[in-house]
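This report describes selected packing features of one protein model. Please consult the sequence and the structure shown below while reading.

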Amino acid sequence: MESTRESLDGEVAAGLSVRLLGPLTILRGGVAIALPASRKLRALLAYLTLTPHAVGRSRLCELLWDVPNDPRGELRWCLSKLRGVLDDPDVSRVETQGDAVGLRLEGVSVDAVEIAAAAAAGIGTLAPERLRALSDLFAGDFLDGLELDRCPHFDSWLVAQRRRFTSCHIAILEHLVNILPSGTDASPYLDKWLELAPFDVRAHVALLENLARRGQIGQCEEHLVVAAQLFQSEELEFAPVRAAWRAIKDRQSDATPGAQPAIAFAPQVPIALAEPDAAASRRASLAVMPFVEDPAADGGRGGLADGMTHDIITRLAKLRDFFVIARGSMFALAEKNIAPEDAGRRLNVDYVATETVRSLAGRVIVSVELIEVRTARIVWAETFERKPDDIFIVLDDIGNSIVSSIAAEIAMVERNRAMLKAPNSLNAWEAYHRGLWHMYRFTRTENELAQQFFGMALKQDPTFARAYAGLSFTHWQNAFQRWGDRDQETALAFESAGQSLLVDDHNPAAHWAMGRALWLRGERDGSLLELERAVDLSPNFALGHYALSFVHSQSGDPRSAIGSSDHSRHLSPFDPLLFGMMGSRAMALARLGQFDEAAEWALKAAARPNAHTIILSIAAHCLALAGRQDEARNFAAAIRKTLPDYRADDFIATFRFDSEGEALFRNGARLIGLN
């Protein structure tokens, strides 16, 4: 480890480096620089180093000084000393612009910044040599030994950073152990992994694999006894470790039947633990840590925070799209002050969400992070700030945003991960997300590929309700886009939706699929009942609200269509079907005679990158009704490049307008020669 540090020092021997992982150290040309004794100067340097933007002086004073006689004077003194340490003759690294302070760190090596960049890019993609180098950067805890008295805001930040970098260190060690070449001694990395995460089931299984590979069966048994006692002391489930050990011994028997020599294993592969719950083995899994209220003030939780936690967990579970750990487990871990990332490893989940709630004068601030546990990567982070005119409405609005954002971000990560795997290696969950990726391309070829992957998912798991719903949508697309026989595709869409309902009648996606299929069959009332059932089951199900808007925009209540469209976009502002949400709003506005506004929304829909021909046709008709004939004819010409014989009859047959709506859009088609 020391040799690696020496080589890293050599790379920056002529420059400046800052070490935050361990005691704070600044080196110039490889030689440590003597720093003033001030602990707050060190804290200021670390905070500015990891903050990507300039920080106001008032914020820095609030962070580091407990109402001293002259906080700004002390801040100026610290900045002056930092300039003497960091600045070069031709480079001013401490920059002040107005009331803001920042650091210019181009060309400066910072260990914590290097780790954070690797985590953001994806630790799982790195080679062993790079992982070793990153592991060697950890000379201790973040700002080891640095504590400040009466600085609650800084203490809160420091605890969060220490948790963050410990989580990164664990992720680096885990991936390093998983990809080390066969025959390489992984013991130092395993020992450190277990030291940092003593209740991480994967770490214990990896150690057993490593010992067994070297034939040290007695040490495996000894470790099992000690680890079991450790888990029992914390009332944690140890069965997954015992099950993994039985599997290891079974592989030994298969490799050398009837013999007792040392175990002969294949090269190390990433550890995959079996989940005790059948749903969890298929779905991504999520733990939502209890919201913390005003951590800088007292580090505790309150009624507001606990209430929001219950609400978020319940709403996410109602989506039935991934496995959500029950609230009881999460509150039990929180009572023991278990850090979120550690809780995620103990529960063996894929993602963990953490939140803080602050009630300030005239506003409520909720900060949320979604972390991918195994890579320590922050997948999504957001801060919601509202004026508490009606606290319950405000919290409901924030809750909607949190739930829909978490669901969308997990779905995106899972889709992208599935796209990187070979098709023949996909499990049911991955095949389903691969199908979604192709489905959202909205072309005939991609739709056919989506059908194949949904079929692959259902072959592996015939009880996968969401995969049936996805398959139903592909048949719906074939009927809607005229990519196949409409009657036949309608029947298949209805059949697949029915299968989804048979598998899970409480899944909102199943009722969404059935509602759309019934719309294809001309059963509007039945369609609305199913779609309303979908949003009743899960008020955060954005596609359900969009489908209600779609149906109402043609022959129902256009004002309801506008409301449902707005709500669906609020729940899922980056949805792959955003063009449809906007297009439905445009048709509803046109039915209300608000042609100018309809044209603007239709243009927004058509500008989406995956907008298909039908969306372009909505834009052409709405622009024509708004009197913008030249723009409308441009869209008509673009449509006829793909569909030379496209007419008003094609547009009307695609939808199910009432008589007034049909007359309205036929008039728009006549104005631009599409009749």
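## Basis of the description

Contact means heavy atoms within 4.5 Å. The model is predicted, so local features need pLDDT of at least 70 and side-chain atom pairs count only at pLDDT 80 or more, while totals for chains, interfaces and linings use all residues. Residues are numbered from 1 along each chain as its sequence is written, and side-chain values use heavy atoms, with hydrogens and water left out.

## Methionine 419

Methionine 419 lies in helix H16 (residues 391–419); helices are DSSP runs (H or I, at least four residues) numbered from the N terminus. Leaving aside neighbours within four places in sequence, methionine 419 is in contact with Arg434, Trp437 and His438.

With a relative accessible area of 24%, methionine 419 is partly exposed. Buried means under 20% relative accessible area, exposed over 50%, and partly exposed in between (1.4 Å probe, protein chains only).

## Packing of H25 and H27

Helix H25 (residues 578–591) packs with helix H27 (residues 613–625) at an angle of about 30 degrees, and their axes are 10 Å apart. Axes are lines fitted to C-alpha atoms, for helices over the stretch in contact, and angles run from 0 to 180 degrees between N-to-C directions. H25 and H27 are therefore roughly parallel to each other, a term for angles under 35 degrees. H25 contributes Phe579, Gly580, Gly583, Ala586, Met587 and Ala590 to the contact, and H27 contributes Ile615, Ile618, Cys622 and Leu625.

Serine 584 also lies in H25. This serine 584 counts as buried, at 1% relative accessibility. Beyond neighbours within four places in sequence, serine 584 is in contact with Tyr546, Ser549, Phe550 and Ser553.

## Nonpolar cores

A nonpolar core is a set of buried Ala, Val, Leu, Ile, Met, Phe, Trp, Tyr and Cys residues joined through side-chain atoms within 4.5 Å. The largest has 122 residues, and those with the most contacts inside it are Leu286, Leu316, Ile402 and Phe665. H27 gives the most to this core, with 10 residues. Apart from it lies another core of 85 residues, including Leu103, Phe142, Leu158 and Trp245.

Leaving aside neighbours within four places in sequence, phenylalanine 665 is in contact with Met587, Ala590, His621, Cys622, Leu625, Phe651, Ile652 and Phe657.

How values were computed
Helix = DSSP H or I, 4+ residues; strand = E, 2+ residues; numbered from the N terminus. Parallel < 35°, antiparallel > 145°, perpendicular 65-115°, else oblique.
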